[in-house]
Amino acid sequence: MNARLGPSIAILGVLALLAFAAPWLTPWSHDALDWQHLAVPPQLEASHWLGTDRLGRDLFARGMQALRVSLALGLLATLVSVAIGVSWGAVAGYLGGRIDAAMMRFVDIVYALPYVFIVIILATLFPRGSLAALFIAIGAVGWLTMARIVRGQTLSLRKREFVTAAIAGGVSTPGILWRHIFPNVIGTVIAYATLTIPQVILFESFLSFLGLGVQEPYASLGSLINEGAQEMETSPWMLLVPAGLLVALLAAFNALGNGLRRRLVDHG
Amino acid sequence: MLAYALRRIVGLVPTLFVLVTLSFFVIRLAPGGPFDQEHGLSPAIRANLDAAYGLDQPLAVQYGRYLAGLVHGDLGPSFRYKDFRVTELIGRGLPLSLTIGLAAAALAFLTGVPLGAFAAWRPGSRLARALMAASLLGVVLPAFVVGPLLALLFGIYWPVFRVGGFEPGDPSYLVLPVITLALPVAAYVARLTRDSMGDVLASNFIRTARAKGVPTRALLWRHALRPALIPVVSYLGPAVAFVITGSLVVESVFGLPGSGRYLVEGAIDRDYTLVMGMILVYGVFTLLCNLAADLVYGWLDPRVRLE
Amino acid sequence: MGDPALLTVEGLGIAYGAAAAVEDVSFDLSPGRCLGVIGESGAGKSQTFLALMSLLPAQARVSGRASLAGRPLLDGAKALRGREVAMIFQDPLSSLTPHMTIGDQVAEPLVVHRGLGWTQARQRAAQLLDQVRVNDVPRRLGQFPHELSGGMRQRAMIAMALACDPQLLIADEPTTALDVSVQAQLLKLLRELVAERRMALALVTHDMGVIAAMADDVLVMRGGRVVERGPVQQILARPEHEYTRALLAASPRLEDASPVPAAPVAREAGRAAPLTVRDVAVRFRMRRHWWARPEELVAVDGVSFDLADGEALGIVGESGSGKSTLTRALLRLGQQAQGQVSWLGKSVLDLDAGELRALRDSMQVVFQDPFASLDPAMSVGECIAEPLRALRPAMDAPARAAAVRRTLENVGLDAGFVTRRSPTLSGGQCQRVAIARAMVLDPKLLVCDEAVSSLDVSIQAQILELLARIKREQGTSLVFVSHNLAVVRRLCERVLVMYLGRVVESGPTDRVFDAPRHPYTRMLLESVPQLDPARERARLAALGASGDTPSPVDRPAGCPFRTRCPSALPLCAGTRPEPESVDQSHQVACLRWRELTK
């Protein structure tokens, strides 16, 4: 079991370290233009370890900056999603009855809609590049699965006899939620939160790919992939570098989350 | 079973209604109108245009007119492409988009389920372990990464399939787009099937069937498959939603003349009716797929039918 | 012993890694005879037979030899499964494929082993279902397992097992999950089938009564080994091994005298009983579809009784009787009830939330599933202290800790348990902790809802002893809900018998059990296995058919028992019987009780 978590944590650690240490590692900034090395493949000369793009910007610097953006956005947006999802699910699961039915019906409807609808609607409502739009878009989808899971757990916990015994013992409703429901749900929440992070990062990359996310001169892994896709015939590294970083990031988070889920949920 | 199906179909109508109404009012509330981009229009001409398209009426009236048009199958005129009705525009690209989407979904389930079932049946085997590792990767490869990569690989380095554009009647253009769309769904379905089949194979009624002497193939097919498919079928709805989203990317990356671009362009140009039309069409399609999933679910699990 | 052995097992061993689950098990079984295998949980009895059928998980290492009529079992069982040897399991709901019809499942062995076509096989299946006395066979063929009652499902399992005329039938706790009246029917059926077909039957159980009723030879298992074996009369009357003796001693017998009423004082007229219950009813409103009219399910239909100080009242009934719903309603832990409940002078059903909480420290509850009653995330000490924290806020931490230690000792656990968590405890230990938690507030009323039903027989006896001591020493009144009449007899001075939400008979336990007046009480008592093999066989042979309890959603009008009552008359459908006094405190609710008493 431990073997599962080790490599993912290691990969994530390395990526995070590189991303945040990058400004000290490379002489280039993310928007500096190197006129002498336009669209060169990875090389040691002039410290362009991962090559440059069409405008001569160093891909290592841009890649690491994009990684910073993705990590920060991913973690922050996940936090918000988790907060919303856990509250929604716990309330629905504990109150039960019609309130639960209504709350989860809402979740079902939103879950079944292609999230591109939300994106499009937001794209028409907000000006381009608006961070608010980005957050709302990501938040709109990120909390759904968490709400479902927490609601399921809360529902089954509420029926368990130790909750009835606590009520018989005179414990108040907030007391039950805090002392009984919460500690038994926290493991699941952590596991699924870790699985939400890559979903959020993926979604943000998707938006940036469409041109709706992070704007110039800042880069996101999605926008880098977009640029790279356009140049892939002549400069394949422009695609492979950000794609590789994104895949590594997502795979590591997913593996970590799955491992945690196996530990905390299935055997809990 | 029939009663169950009818109940589900009837339940569709309110959701559809909500979808139409919500989209209508949300789009209209967006700042800006369809003719804002046209510079140099005198107010008089602008007023005429508005009147011609009915934009000067109160919202409620516009809504009513729109609904009336819907009943006749008319999605209204496009504001951008002024000579065309929305129905025509969508109709041009829709068959291609639907073909790609359905083919991708079918491919995903037809590969994911057997592979996942096999991994549950022989969990220790090397093939099973390789499959699960591959599926871990597949889940994280989004269409906008895989698409360009596949295009690079097969279009340029090793030209086996056609890449870019589309000629009617030549399916080889569609191979890469469909694979790109299907990959993450197939990976997820494989994992889902494996987990679910694993649970089923450990259950009591499988033990009874083995005690009865039922041979392996009949065991898997008659006893294990249907309960194991339940969570997989529940995923059908979201899978289709996912594929629809992905088709936008795939059409863009591979240059396919589908209907997806109307959604994005329509949003940017504030072409109300076009965006509404696209949302409606895709929305109906999603709901129908959810309905199909529900019906299959009812067939798989008899307990659901009686509720 | 008659015929040469059909089944021989020599030196069977099962190991998982380094741990041995079963060691050196050997026995024989001849055709037409029944081998009863008895032991508590973890004894390895199911494992043994699963190994014979080659149904163990892949990690199991099986050693030893076994053969059926000369053909090898264990690894060789794959060729014989469903044909020469068949097995039925404990829980028929989870052991039947949920999406296949009964008809198809019973027909399947014929298709697989005899090469019949499905249509032909289904016809044969109909005949088999008839033989196991399933009612309304044509309808059942097309139904799914969840549409049948527990007893019907088990009969279908038996039909399925007998389809290819096996020589050996293995039954693994076949009646454990069923009501006692249904259990008796099923055992009778098994006996008849075994005799007709000259089959060998291996019956695994934890219930001595079932052994007495069914077994010709007995195998006593413990910790994976055979501890004693012999003919049933010898094992039951003159057991040699101390474990067998302990098992027999712990099995509650119905013949035991019940405790002498400890507080006859309270029964005097004029002195009000602390708990009075009048006309309590609990109704659930359900909708089958969102547009359909809501239906009403009556779980408890007008129950009245009194409970004296320091008295133990047993409430017995089978599934659907409403006994658990009633007790939860009394404690206001479930659905809101109608009627009057007076406890310590307060009208419990009308209190608001604050007053209710204040009253909670005087009435506590212990549930059936010991593991589910304790929060796995909390330590034993925290579990027991929780009611103190909630209802005695003035107590400081040292006082609480002292109370916890005291209560732990009272239930027979030493102070070291304070830091343990429930997943590391045994069933009996968990239940003691649950009792400690209930008693830490020194309540005047303790409700036990099937509190010993999930425990092994020897642990059951200990917990019953503990409860009896609590009643004696602390003067706590007990309401003890159970489906097990012998257990109730051991602990309770008075008893209520419930059926589909009504009290059909009530009174001193001795009187009600020795001279029952209501047909249902009689049927219940007749269904309880005794420990004398000769009497058991006679009892089963004399048993009449009695069907299954109807679902509470379809309560019969008038007397709820009339659909199963051998003495029912048309007039029973018209009026709902009210309790009438037989004598001082013995009451019965039956329109015909006078005529039916010999």
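## Basis of the model

The structure is a predicted model, in which local features need pLDDT of at least 70, side-chain atom pairs count only at pLDDT 80 or more, and totals for chains, interfaces and linings use all residues. Residues are numbered from 1 along each chain as its sequence is written, while chains are lettered from A and ligands numbered from 1 in the order in which they are written.

## The sheet of chain C

In chain C, six strands make up an open sheet of mixed pairing, ordered β6-β7-β8-β3-β9-β10. Helices (H or I, at least four residues) and strands (E, at least two) are DSSP runs, numbered from the N terminus; two strands pair if DSSP finds at least two bridges between them. The edges are held by β6 (85–88) and β10 (225–231) of chain C, each with a single partner strand, so one side of each lacks a neighbour in the sheet. On average, neighbouring strands of this sheet are turned by 15° against each other, direction ignored.

Strand β9 (residues 217–222) of chain C runs antiparallel to β10(C) and is joined to β10(C) by six bridges. Asp217(C) has Pro231(C) of β10(C) as its bridge partner.

## Helices on the sheet

Helix α1 (residues 45–52) of chain C packs on the sheet and touches β3 (34–38), β6, β7 (168–172), β8 (200–205) and β9 of chain C. Contact between two residues requires that their C-beta atoms, placed from the backbone, lie within 7 Å. The direction of α1(C) makes about 145° with that of β8(C). Axes are lines fitted to C-alpha atoms, for helices over the stretch in contact, and angles run from 0 to 180 degrees between N-to-C directions. Helix α6 (residues 150–162) of chain C lies across β6 and β7 of chain C, at about 170° to β6(C).

## The pair α7 and α19 of chain C

Helices α7 (residues 180–197) and α19 (residues 519–527) of chain C pack at about 50°, with their axes 8 Å apart. The contact involves Val180(C), Ser181(C), Gln183(C) and Ala184(C) of α7(C), together with Met523(C), Leu524(C) and Ser527(C) of α19(C). By class, this contact has four nonpolar, three polar and no charged residues.

## The contact of chains B and C

Chain B contributes 20 residues to the contact and chain C 21 residues. On the side of chain B that touches chain C, the elements giving two or more residues are α8 (204–211), α9 (216–234) and α13 (302–305) of chain B. Of these, α8(B) gives the most, with seven residues. The residues of this side divide into nine nonpolar, five polar and six charged, where Ala, Val, Leu, Ile, Met, Phe, Trp, Tyr, Cys and Pro count as nonpolar, Asp, Glu, Lys and Arg as charged, and the others, Gly among them, as polar.
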